[in-house]
Each structure stands twice: as structure tokens, then as C-alpha cells.
Amino acid sequence: MVLYLSGGTAAGTHLFGRGYLSCSRMLESDFLMALVERTNHVGAENASDVFVKKLNDFMKHALGERSKRRMSSGDRKDFFRNFVNARIDNPIALVGGGGTMGFGLLMEWLKIGLPPSSFVIVDPKESRHLNRAAKREGIPCLTDIDQLRAASAIFLAIKPQEANDVVPRLKRLIGNHSLVVSIMAGKSIQFISRAIDHKNPGIVRAMPNLPGTIGRGITAAVRNHAVTLDQFELAELLLLGTGKVVWVQESLMDAITAVSGSGPAYTFYLTECLARAGERVGLPSKLAAELAHETVAGSGELLHRSPKDAATLRAEVTSRGGTTEAALKVLEAANGLESLMNRAVAAATKRANELGE
Ligand SMILES: NC(=O)c1ccc[n+]([C@@H]2O[C@H](COP(=O)([O-])OP(=O)(O)OC[C@H]3O[C@@H](n4cnc5c(N)ncnc54)[C@H](OP(=O)(O)O)[C@@H]3O)[C@@H](O)[C@H]2O)c1
């Protein structure tokens with residue numbers, strides 16, 4: 001989403017600080033005026049409110065006292081409906097909506113208040129969890145992309161291995177005014193463009209991660225030159241709905257995939273290893289698993305809430321001659337965790353590159 005500030009990019013960067021939102025146009029845009037009207041003080045009761053909280057933080061900084069009024073969930077839904085409808089004539093097709101990412105992202109979008117009527121889902125398996133949710137929200141669910149009649153935007157949440165079959169079949173839906181957002185690991189903007197015969201739609205290649213399914217993800221994204229301002233705003237809304245967004249150069253995407261895209265799995269594996277190590281030093285397995293789980297989850301939450309970085313937090317709990325130092329000496333040894341992590345991330349980067357071929 002682009003917000004337009006009279007202070008220009010520098011003022012916007014200062015306000016948003018961590019690159020959540022890009023700011024480059026003037027304050028009087030319809031979008032910002034709608035925010036002024038509707039996005040006042042909204043508490044972030046749970047993770048799914050993260051997007052609204054970001055808008056709200058902006059309003060607090062930009063408007064001070066005027067931003068204190070609370071925004072009802074009805075107002076928020078109205079705002080998002082108007083925002084989305086102003087940018088699309090046909091639905092947003094979510095292809096792969098029954099998958100881990102597709103379904104998880106859809107649930108977050110609905111939680112933050114995006115209008116269900118803006119979506120149509122393609123899921124060949126007719127997954128029960130998706131069908132139940134789609135029925136409840138009144139979202140059409142198709143089992144084959146060939147059943148799609150029209151789409152202003154196509155969100156590709158299929159596996160990269162499915163791309164050669166699926167993407168060319170989308171050709172007939174794509175024109176100059178279409179937007180394609182792909183979260184497929186490794187698949188470049190050029191691949192998508194070729195697969196649809198170089199038609200010239202706006203293409204956004206994004207790499208979200210699993211915490212995005214609870215509104216706590218980070219997505220790196222890149223767009224081609226055909227992406228219009230409206231499409232950029234729509235794509236960023238979808239991505240921001242699941243957490244932070246950083247816009248990057250495409251050459252970084254494979255490495256980003258290896259760090260933040262695959263990163264949650266490394267953290268889960270660390271939790272498993274910690275539990276098994278606990279068992280080896282004598283803990284009952286259930287207790288070891290609970291201790292490891294809460295330790296990793298709590299440390300992540302602390303890192304999230306603390307203004308300190310990971311290295312500072314680690315140094316603060318490592319007293320000289322203590323137990324943590326004894327363990328860290330092993331982890332920091334020449335063939336320790338850093339060297340392992342280097343190899344793991346290099347392997348994932350290489351694989352992302354291969355998936356793109
Ligand atoms: N998982 C992550 O943490 C993560 C993070 C960042 C990015 N990604 C990217 O997100 C994408 C999806 O990953 P995932 O983990 O969510 O995989 P997934 O659970 O396997 O989801 C893929 C979905 O696409 C569906 N599909 C297959 N062929 C289709 C077709 N012809 N038309 C419509 N849907 C079709 C699959 O249905 P079937 O089950 O019936 O085959 C499945 O529901 C991948 O490209 C991955 O690189 C994943």
C-alpha cells in the first residue's frame with residue numbers, strides 16, 4: 001500500500017521506520033483521506049490485527065490526538081471493501097487455496113476484514129477445511145483453473161513444481177490490466193511472463209513465510225514495471241495483511257527464500273533437537289518437549305517485543321563461567337551451529353535457484 005505524504009519519501013520512511021509501507025505521493029490521496037476518516041484508534045487485540053495496527057500507528061504519528069477515535073470492525077470492513085473494489089473489476093483468484101500457505105493467508109485476509117466477495121478459490125482437492133470456510137464466507141470454490149471465468153488478480157499459492165502445468169493455463173485470463181502475485185519459491189517474474197506468452201500484466205513475486213498465517217510473517221516482494229499504482233496497493237494490502245513487507249531486488253529472492261521462507265522450519269527443527277538433547281541428559285520425553293517448545297516460543301516472543309537484537313539478548317544471559325557459556329562454546333566451535341547454518345542456507349538458496357530453472 002502506498003501512502004502519500006506531503007513530506008515525501010523521507011517523511012514516510014521516518015514515520016514507518018521499518019519499511020512497512022512505502023510513501024511517495026501527496027497527502028490528499030483518496031486512500032489516505034479514507035484512512036483519516038475510518039482508521040482511527042484500533043487496538044491490536046490479536047495477531048490478525050497487525051495490519052490495522054500498522055495503519056493505526058501511522059495515523060497516531062501523522063494525526064496525533066485526532067486519531068484517538070476507535071474504528072469499529074464494521075467500519076474497517078467497509079473501508080477494505082471500498083479499497084479493494086476500487087481496484088478490481090473481477091475477483092481475486094486464489095490458486096492453491098487449499099494448501100498450507102493459500103488457506104492460511106486467506107484466513108488472515110478474512111480476519112483483518114478483506115471482503116470475501118472479492119475472492120474466488122481454486123482447490124483441486126476440495127479440501128474439507130477450505131470448503132467449510134468458503135461456504136461460511138460465501139466464497140466460490142472451483143476445482144479446476146479452467147473453470148475460472150475472469151479474474152482481475154491471480155494469487156499463485158501452488159508449489160513451484162506445479163507451475164509448468166498451471167501458469168500457462170492462466171493465459172486466457174490475463175491481459176494488460178491483470179495482476180499476478182506469485183509466492184512460489186524460485187519462480188522468477190521472467191518465468192511467469194514467459195509461461196503466459198509475454199502478455200504484459202503486473203507481476204509481483206513475493207516470498208512470505210509460515211508465521212504469515214497468524215499475521216506475524218515477513219514477506220519480501222519485488223514487482224515488474226507493468227504493476228500500476230492500484231495494483232501495487234492491492235498487492236501490498238494482501239501481503240501486509242499477513243505481517244511485515246519489504247520490497248527488494250529480485251536477485252535477492254532465492255537467498256531470502258532460504259532465510260525467511262524456509263527459516264520457520266529451521267526453528268521448529270531446533271526445538272525438536274533441543275527436546276531430544278534434553279532426553280539424552282535424562283529428562284522424560286514429554287517434559288523435554290514441553291520445555292523446548294516453551295523456551296523457543298518464549299524466546300521468539302521476547303525477541304519480538306524487546307528493542308534489543310538477538311546478539312545482545314544472548315550476551316545478557318551468558319554469564320562468564322556459567323552453564324549457557326559452556327553450551328555456547330560448543331555451538332560456536334569451528335564446526336558448530338554457524339557453520340551448519342551457513343551450509344543449510346546455502347543448500348536452500350541453491351535449491352530455490354534450481355526450482356526456478
Ligand atoms: N510453506 C511455506 O512455509 C512457504 C513459505 C513461503 C512460500 N511458500 C510457497 O508457497 C507455495 C505453496 O506452498 P505450500 O506449502 O502451501 O504447499 P501446499 O500445501 O502443497 O499447497 C499447494 C496447493 O496447491 C494446490 N494445487 C495443486 N495443483 C493445483 C492446480 N492445478 N490448481 C489449483 N491448485 C492446485 C495443491 O492441491 P493438492 O494438495 O490437491 O495438490 C495444494 O493445495 C509454494 O510455491 C511455496 O514455495 C511456502
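Biologist: Which residues in H10 meet which residues in H15?

Modeller: This is a predicted model, in which local features need pLDDT of at least 70 and side-chain atom pairs count only at pLDDT 80 or more, while totals for chains, interfaces and linings use all residues. Residues are numbered from 1 along each chain as its sequence is written. Asp254, Ala255, Thr257, Ala258 and Val259 in H10 meet Val345, Ala348, Thr349, Ala352 and Asn353 in H15, where contact requires C-beta atoms, placed from the backbone, within 7 Å. The residues of this contact divide into 6 nonpolar, 3 polar and 1 charged.

Biologist: Why is H10 called oblique to H15?

Modeller: The axes of helix H10 (residues 253–261) and helix H15 (residues 337–355) come within 8 Å and cross at roughly 130°. Angles under 35 degrees count as roughly parallel, over 145 as roughly antiparallel, 65 to 115 as roughly perpendicular and the rest as oblique, and therefore H10 is oblique to H15.

Biologist: What makes leucine 283 partly exposed?

Modeller: Leucine 283 has 17 C-beta neighbours inside 10 Å, whereas a buried residue has 20 or more other C-beta atoms within 10 Å of its own and an exposed one 12 or fewer, with partly exposed in between; leucine 283 therefore counts as partly exposed. Leucine 283 lies in the loop between helix H11 (263–280) and helix H12 (285–305), and, not counting residues up to four places away in sequence, touches Gly278 and Ala288.

Conventions
Axes are lines fitted to C-alpha atoms, for helices over the stretch in contact, and angles run from 0 to 180 degrees between N-to-C directions. Helices (H or I, at least four residues) and strands (E, at least two) are DSSP runs, numbered from the N terminus. Two residues are in contact if their C-beta atoms, placed from the backbone, lie within 7 Å. Ala, Val, Leu, Ile, Met, Phe, Trp, Tyr, Cys and Pro count as nonpolar, Asp, Glu, Lys and Arg as charged, and the others, Gly among them, as polar.
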